[in-house]
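Hi,

Here is the structure I promised to pass on.

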Amino acid sequence: MKISYNWLQNYIQTDLTIDEISTILTDIGLEVEGISEVESVKGGLKGLVVGEVMTCEQHENADKLKKTTVNIGAEDLLEIVCGAPNVAAGQKVIVATVGAVLYDGDDSFKIKKSKIRGEVSEGMICAEDEIGLGASHDGIMVLDNSAIIGTVASEFFNLTSDTVFEIGLTPNRIDAASHYGVARDLTAYLNLSSKHELILPDVSKFKEGSSNSITVEVEDSVLAPRYCGLEIKNVKVEASPDWLQNNLNAIGLKPINNVVDITNFVLHELAQPLHAFDLDKISGDKVVVKCVKEAIKFTTLDGVERQLLNQDLMICDGEKPMCIAGVFGGASSGVSEGTTSVFLESAYFNPVSVRKTAKRHGLNTDASFRFERGIDPNITVFALKRAALLIQEIAGGEISSKITDLYPQPIEDVTVELTYKKVNSVIGNVLPKSVVNEILGNLDIKTLKAEGDYLTLQVPSYRVDVQRDVDVVEEILRIYGYNNVVLPSFMKSNLTPNPTIIPHKVENTVADFLSSVGFAEIFNNSLTNPSYYADDAELVSMVNPLSKETEVMRGSMLYGGLEAIVYNQKRMRKNLKFYEFGSTYKALRNSKFEETKRLALWLSGNVEEESWEEKSESTSYYDLKQRIEAIMQRVGIEKYKLETNEDSKFEYSKSFAKGKFNLVTFGKVATSEISKFGGKNEVFFATFNWTTILKLMSGKDVQYKPVTKFPAVRRDLALLIDESVGFDEIKNIAKKVEQRLLKEVNLFDVYEGKKLTSGKKSYAVSFTFQDEQKTLTDNYIDKIMDKMISSLKTQLGAELR
């Protein structure tokens, strides 16, 4: 939000420097994110002066050029070649001297001493459009003969400069979304040390008219709790005066015409949005505030045709909608050059209704920004009077009607109970009661009752964010000054044991591991496109989606990663390893929802980048499985089993489970899923149920165990088995045969070829044995291997090769 220093001075007179004001505003919660200088004319006409054309002769080598000598008050006359048809001797003109910079929108050019068709030119005699003072380029700007030679152009035209504060306004501080609101906060702070008057615009000269030609009806007072209107006739629509244009330009608003500019001025002055309708375009002599009953099309001021819904509150006349209430005006009902009478609207609309309508139509206007955060419902009439007086002053309007004010259920000020003890407890310092009372008064918070330590307070209607006692304490503290709170020299604290499992530390440990082995962390939006899902019955839909692409909460982590993978691959990044911690969402019965914490992995492309040192191999299912097992080891989960999994999102997949809990599902992503995003390369994906992982973690401390001094023994078997048999089945049988001595089972070779019987494959498996108390003998190991071979033959039909 932009706040003009010159504009701010209308409401508080202070000699504080720009930097001092900036510091104070930041300290009281209105953080100044930037300060910039603004000039009413870009460049400030630096290097331009008033001159007099002393001589003017035809250029010898150009029919359309003139040779002139110009007096700018220097010792020597300037020789300037000019192409303007109206240049003549004796004229007072504006001269851009050598070194001056002229601007044309975002473009600029510097005046240099040069030769034009063989004649020296030491400057430029300017037209009004060339220096940003008009649009005419018919000829040079000829000044009144009283203009003094050598006068700096910025002084001659009385140019103004301004300083603009860029304030990062938090959503709860809509009370400060105006120049008067900022001045009000600044005054509350300054009045603790010295008295400053907060100057409210004067509306005492406002006088109502006698007759109303427009009837106002509000059909839904819940969506429009207060609606005010006023008729102004004999208006002359034209350009706004300089002071009004300068104020609007300073905060980045483009002046349109005097009536529209006044509504914008009052909005940024008082935070009350207004809208001016062309009175002659209101059919049926009535204004109706209602929701349209059926979907119809409506063209807004930006020329876009929009589809209205029956939830959209509209300002209508007797025949048609004219304006989207609190959001945007219509193309056919606004003020134009031919307007002579206006109906001026000032209202308080339901914040939730405005927000939903604005989001639904993808609109974000100055009006909707304020309405959807909750403006002051009790300033509507004051703002209406303020705008009416300005229209009367600037556009010559005549206030012809009485004010229509429909406010059936006035919004009452909030009452809050507070104790001085609570103030001191929250702040951590003891504030004198007199200081607390003074700050409350400066903030317009009235004390209705004071009994001992207890206060009953009335919060003004413009402070919609102050609802509780702690909110009041926060207000006291920000005006008192966070920097004024004295920190204690010591701190009392109780040591409480941390839980064994700290989720975020576990996440960081796993994230560090994945990053160390080449994975990149990604963050995807938890809002996603429902078209990705074959079955949307369990999807959690958004009540008010921002777009069709973000209508539901994600039911799977898969699709965000696929989007990222395809995006990178289209930019020649083929070898990708991604991981993401996030949540998935599921709709349950009885309008309940389930959120599950997840860790997802994606692999695509080659295992390593291309290199002369080693051959690059494509990523496989086993690379993914290896990383999953490493993560399981990191989090201390053991004795899980591999299960077959059926999921249409995968071409093939497996799961690790422990008891009844599914820990992780992983496999090769189906081509049909990848093609949704235009991808072609293979992708391997794993999704951990991180909520379950955290529950099953033992939290046991790592214990030191010395390396045994007795050697390990390895035996290898070449097994001919059915294609359907998995390595885990072999591993589980081996563990059952010998639990104590068998330390490791490893698959180190797989053969599937023509030399084998159809439906068969060959596994080369190693078995490592070790006793920590003694050296194992061959006879003892042979007996174990015999039992193991027998079990493999019996249970799996395995044969030794």
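A residue is called buried here when its relative accessible area is under 20%. Please keep in mind throughout that this is a predicted model.

With that cut-off, 4 of the 5 residues of strand 5 (residues 78–82) are buried, so this strand is largely enclosed by the rest of the structure. Its partner is strand 4 (residues 66–71): the two pair in the antiparallel sense, over 5 bridges. If you want a place to start looking, Thr68 stands opposite Ile80 in strand 5. Strand 4 and strand 5 form a hairpin with 6 residues between them, and in the turn you will find Gly73 with a positive phi of about 90°.

An open sheet is formed by 3 strands in the order 1-13-2, with antiparallel pairing. Strand 1 (2–4) and strand 2 (32–39) are at its edges, where each has a single partner strand, so one side of each is left without a neighbour in the sheet. On average, neighbouring strands of this sheet are turned by 25° against each other, direction ignored.

Strand 1 runs antiparallel to strand 13 (residues 161–167), and 3 bridges join them. Ser4 has Val164 as its bridge partner in strand 13.

Which strands does helix 2 lie across? Helix 2 (residues 18–27) lies across strand 2 and strand 13, and runs at about 145° to strand 2.

One reminder for when you look at side chains: in a regular strand they alternate between the two faces of the sheet.

Happy browsing, and best wishes

Terms used:
Residues are numbered from 1 along each chain as its sequence is written. This is a predicted model: local features need pLDDT of at least 70, side-chain atom pairs count only at pLDDT 80 or more; totals for chains, interfaces and linings use all residues. Side-chain values use heavy atoms; hydrogens and water are left out. Buried means under 20% relative accessible area, exposed over 50%, partly exposed in between (1.4 Å probe, protein chains only). Two strands pair if DSSP finds at least two bridges between them. Axes are lines fitted to C-alpha atoms, for helices over the stretch in contact, and angles run from 0 to 180 degrees between N-to-C directions. Contact means heavy atoms within 4.5 Å.
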